[in-house]
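User: Hello! I am new to this structure and would like to get to know it through a few questions. Could you walk me through it?

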Amino acid sequence: MQPGGLTVLISGAGIAGATLAALLGRAGHQVTVVERDQGVRSSGNPVDVREGAYDVAQRLGVLTRLHEAGTRVRQLIFVDAAGQRVASIRTRQSEDREVEVPRADLSAILIEAGRQQAEFHFDEMITGLHADESGVDVIFERAAARRFDLVVGADGIYSAVRRLVFGPHADFAEHLGMYVATARLGIPMESDDTVIMHNEPGTAVALHPGTGLSGAAFMFR
């Protein structure tokens, strides 16, 4: 352990990695984050920030930014095959302590918070890990090898860190047969506070207003 705290390497600059980087940095640790993508990812479904996640966002001081970037969605309506409304539910449990944010905006805001406390390297990934009782020697795809006290794998379902340390992905994940595809439509919906969904057993399609330009999601088993 270094005098200024642990030297920590986080693999993955997504929501989990960027948040952890900010929190560990504020706790006095020396944090480095590597991300194999060249920048913030632009895709993904909107994310609800509520309950414990809302408390973490408050600690990071990013609530104002999240609300500025958030959607106005308040309800989900279900329609039949002819597009006629058959049911609806509220999407928010609380108006005061909840916000839905497009994933790309959420990631960008968290990375900005993390950059104040940690060192970020994009277009980079871990290719080798060699641990002993006092730390971990890390080999990177591009940068020179370095040694850290701790390595954290926050690099998703197909985690390279988990594979390097514990073995093949297939040993730890079981596909449940669910598929989701999203696409930007690039046009506004009639209402910016309503998600529209049509679903049948094993399949569904949804239209989301986003923050001005709508998107579609296709889900099936």
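This is a predicted model: local features need pLDDT of at least 70, side-chain atom pairs count only at pLDDT 80 or more; totals for chains, interfaces and linings use all residues.

User: How are helix α1 and helix α4 oriented relative to each other?

Analyst: Helix α1 spans residues 15–26 and helix α4 spans residues 103–115, and their axes come within 8 Å and cross at roughly 25°. Angles under 35 degrees count as roughly parallel. The two helices, α1 and α4, are therefore roughly parallel to each other.

User: Which classes of residue make up the contact of α1 with α4, and how many of each?

Analyst: On the α1 side the contact is made by Ile15, Ala18, Thr19 and Ala22, and on the α4 side the residues include Arg103, Leu106, Ser107 and Leu110. Also from α4 come Ile111, Ala113 and Gly114. Sorted by class, the contact of α1 with α4 holds seven nonpolar, three polar and one charged.

User: And how do α1 and α2 lie: parallel, perpendicular or oblique?

Analyst: Two packed helices are described by the angle between their axes and the distance between the axes. For α1 and α2, the angle is about 50° and the axes are 11 Å apart. That angle makes α1 and α2 oblique.

User: Which residues of α2 does α1 meet?

Analyst: Here α1 passes α2 in a left-handed crossing. From α1, the residues taking part are Thr19, Ala22, Leu23 and Arg26. Their partners in α2 are Val56, Arg59 and Leu60.

User: Where do the buried residues of α2 sit around the helix?

Analyst: Helix α2 covers residues 52–60, and its buried residues are Tyr54, Ala57 and Leu60. An α-helix has 3.6 residues a turn, so residues three or four places apart point the same way. Seen down the axis of α2, the buried residues fall within an arc of 120°, so they line one face of the helix.

User: What covers those buried residues of α2?

Analyst: Both helices and strands take part in the cover. The helices include α1, α3 (63–69) and α4. The strands include β3 (47–50) and β6 (98–101).

User: Is Arg97 buried, partly exposed or exposed?

Analyst: Arg97 lies in the loop between β5 (85–90) and β6. Its relative accessibility is 37%, and so Arg97 counts as partly exposed.

User: How far apart in space are Arg97 and Glu51?

Analyst: Leaving aside neighbours within four places in sequence, Arg97 is in contact with several residues, among them Tyr54, Asp55 and Glu51. Arg97 and Glu51 are 46 residues apart in sequence. In space, C-alpha to C-alpha, Arg97 and Glu51 are separated by 7.2 Å.

Definitions and conventions. Residues are numbered from 1 along each chain as its sequence is written. Side-chain values use heavy atoms; hydrogens and water are left out. Axes are lines fitted to C-alpha atoms, for helices over the stretch in contact, and angles run from 0 to 180 degrees between N-to-C directions. Helices (H or I, at least four residues) and strands (E, at least two) are DSSP runs, numbered from the N terminus. Angles under 35 degrees count as roughly parallel, over 145 as roughly antiparallel, 65 to 115 as roughly perpendicular and the rest as oblique. Contact means heavy atoms within 4.5 Å. Ala, Val, Leu, Ile, Met, Phe, Trp, Tyr, Cys and Pro count as nonpolar, Asp, Glu, Lys and Arg as charged, and the others, Gly among them, as polar. Buried means under 20% relative accessible area, exposed over 50%, partly exposed in between (1.4 Å probe, protein chains only). The arc is that of the directions from the helix axis to the C-beta atoms. A crossing is left-handed if the near helix is turned anticlockwise from the far one by less than a right angle, and right-handed if clockwise.
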